[in-house]
Amino acid sequence: VAMWDIRYVRNCNDDERPQPLSVMKHEGPVTCATFDPIYGSRLLTTAQNNEIRIYNPHNWIEPSILIKHSHRHFQHMTDIKATWHPFYEDLCVIGRYAENVDLDKTRCVDVIDLQKGFVVAQFYDPLFSQIMVLNKFNKR
């Protein structure tokens with residue numbers, strides 16, 4: 001993931017190539033990168049290598065938090081993406097599509113505490129067989 005200052009990109013000549021302010025390296029392809037909705041200062045990334053990362057403005061190069069989470073990629077499915085809670089800055093929601101770790105809950109939705117790095121709640125219905133790839137908190 002690379003981050004640019006749009007003010008400098010706009011002022012570049014056609015023969016100049018703008019340089020990013022920061023490059024955040026990931027081991028696998030990144031499926032989502034979003035700034036937090038409260039302050040807009042932290043970046044939440046989701047990658048296909050089962051990682052959720054939080055970057056903050058004090059160090060854009062290294063993640064301040066790295067969470068392992070089973071949301072494996074499947075080629076015929078929309079990528080699973082973590083999204084911020086609109087009011088609580090340390091919570092995110094993400095679908096789970098586990099390997100064979102917990103066969104009862106391979107297809108559930110996890111709410112993760114981003115400060116502590118673990119699941120604080122899970123939504124699971126044994127009668128619902130779909131993989132919940134797109135999840136978002138309601139602002140109301």
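How many bridges join β7 to strand β8? Two, and the strands run antiparallel. The rest of my notes follow.

1. Ground rules. This is a predicted model, in which local features need pLDDT of at least 70 and side-chain atom pairs count only at pLDDT 80 or more, while totals for chains, interfaces and linings use all residues. Residues are numbered from 1 along each chain as its sequence is written, and side-chain values use heavy atoms, with hydrogens and water left out.

2. The β7-β10 sheet. Four strands make an open sheet in the order β7-β8-β9-β10, with antiparallel pairing. Its edge strands are β7 (83-84) and β10 (118-123), and each of them pairs on one side only. On the terms: strands (E, at least two residues) and helices (H or I, at least four) are DSSP runs, numbered from the N terminus, and two strands pair if DSSP finds at least two bridges between them. Strand β8 covers residues 91-97, and its C92 stands opposite W84.

3. H85, just to look at. This residue lies in the loop between β7 and β8. H85 counts as buried because its relative accessibility is 11%; buried means under 20% relative accessible area, exposed over 50%, and partly exposed in between (1.4 Å probe, protein chains only). The H85 side chain reaches the backbone nitrogen of F87 at 3.0 Å. That is a polar contact, meaning a pair of N or O atoms within 3.5 Å; within protein, one must be able to donate a hydrogen and the other to accept it, and residues adjacent in sequence count only if both atoms are side-chain atoms. Leaving aside neighbours within four places in sequence, H85 is in contact (heavy atoms within 4.5 Å) with P37, L91, C92 and F137.

4. The β3-β6 sheet. Here is another open sheet of four strands, this one in the order β3-β4-β5-β6, with antiparallel pairing. At the edges stand β3 (30-35) and β6 (65-68), each with a single partner strand, so one side of each is left without a neighbour in the sheet. From one strand to the next the twist averages 15 degrees; axes are lines fitted to C-alpha atoms (for helices over the stretch in contact), and angles run from 0 to 180 degrees between N-to-C directions. Five bridges join strand β4 (residues 43-47) to β5, and these two run antiparallel. In that pairing, L44 has I54 of β5 as its bridge partner.

5. Around β5. The loop between β4 and β5 holds N50, whose phi is near 65 degrees, a positive value in a residue other than glycine. I52 is found in strand β5 (residues 51-55) and counts as buried because its relative accessibility is 0%. Its C-alpha atom is separated by 6.5 Å from that of K68, 16 residues apart along the chain.

6. Salt bridges. How many turn up in a search of the whole structure? Three, where a salt bridge is a side-chain nitrogen of Lys or Arg within 4 Å of a carboxyl oxygen of Asp or Glu. One of them pairs D90 with R42, the closest N and O atoms being 3.4 Å apart. D90 lies in the loop between β7 and β8 and R42 in the loop between β3 and β4, so the pair ties together parts that are 48 residues apart in sequence. D90 is partly exposed at 24% relative accessibility, whereas R42 is buried at 10%.

7. E51 meets R53 in a salt bridge of 2.8 Å, N to O, and K68 in another of 3.2 Å. E51 belongs to strand β5 and K68 to strand β6, so this pair ties together parts 17 residues apart in sequence. Through shared partners, salt bridges join E51, R53 and K68 into one network. Relative accessibility puts E51 (6%) among the buried residues, and R53 (7%) is buried too, but K68 (58%) is exposed.

8. The aromatic pair. A search of the whole structure finds one: F35 and W60, edge-to-face, at 6.3 Å centre to centre and 80 degrees between the planes. Rings of Phe, Tyr and Trp (its six-membered ring) pair if their centres lie within 6.5 Å; planes under 30 degrees apart count as stacked, over 60 as edge-to-face and the rest as tilted. The pair links distant parts of the chain, with F35 in strand β3 and W60 in the loop between β5 and β6, 25 residues apart. F35 is partly exposed, with a relative accessible area of 41%.
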